[in-house]
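Open the model in a viewer and keep the selection panel at hand.

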Amino acid sequence: MRFSRGRNFLFRVPEGRELLGFINDFAKKNNIIIGAVSAIGSLRDPKIGYFDEAAGEYKVIELSGLYELVSLSGNISLKDGEPFAHIHVALGGPDGRLYGGHLVEGEVFVVEVFIQELLGEPLERKPQENGLTLWDAEE
Ligand code: ZN
């Protein structure tokens, strides 16, 4: 799929907010249908997912304490007709080691987000037999 560049958004999320929900709400409020997301900062008690192919679902890994949000990378597209953010994170612990996965939940301490809106045909997620909701693949 080919898109052209839309608006750019750069903002800080208030302390105490749940990050994934905040990004989804921000996309809805600003009518961002398709976009690329990146961020840095730090999260409290983040939960990350690892997709267990045999089980067909995410295994949730619960981390406790404050983690550096070393890198956040993701996208926004449509799911059930609403903007939906799919986000992966690399999280640094106090010993500098990284944990990573699919962001399930994270309370914001400080997070700075960049969203690049993309304009074009709507990109829609559809449920698959493997338990994931995916875009149609490029031919
Ligand atoms: Zn994912």
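This is a predicted model: local features need pLDDT of at least 70, side-chain atom pairs count only at pLDDT 80 or more; totals for chains, interfaces and linings use all residues.

Select Phe26 to begin: its relative accessibility is 12%, so Phe26 counts as buried (buried is under 20% relative accessible area, exposed over 50%, partly exposed in between, with a 1.4 Å probe and protein chains only). Residues are numbered from 1 along each chain as its sequence is written, and side-chain values use heavy atoms, with hydrogens and water left out.

A search of the whole structure gives five aromatic pairs. Rings of Phe, Tyr and Trp (its six-membered ring) pair if their centres lie within 6.5 Å; planes under 30 degrees apart are stacked, over 60 edge-to-face, and the rest tilted. Because Phe9 is in strand S1 and Phe26 in helix H1, the pair ties together parts 17 residues apart in sequence. Helices (H or I, at least four residues) and strands (E, at least two) are DSSP runs, numbered from the N terminus.

Next, select Phe11 and Phe22. Phe11 is buried at 14% relative accessibility, and Phe22 is buried at 14%. Their ring centres are 6.2 Å apart and the planes stand at 40 degrees, so this pair is tilted. Phe11 belongs to strand S1 and Phe22 to helix H1, 11 residues apart. Show Phe9, Phe11, Phe22 and Phe26 together: they form one aromatic cluster.

Now move to the zinc ion. Its protein donors are His86 (NE2), His88 (NE2) and His102 (ND1), 2.0 to 2.1 Å away (donors are N, O and S atoms within 2.8 Å of the metal, or 3.2 Å for Na, K and Ca; water is not among the atoms, so sites may look incomplete). With His88 in strand S5 and His102 in strand S6, the pair ties together parts 14 residues apart in sequence. His88 is partly exposed at 41%, whereas His102 is buried at 17%.

Finish at Leu19. Leu19 is among the residues that touch the most other members of the largest nonpolar core, which has 28 residues (buried Ala, Val, Leu, Ile, Met, Phe, Trp, Tyr and Cys joined through side-chain atoms within 4.5 Å). Helix H1 gives the largest share of this core, six residues.
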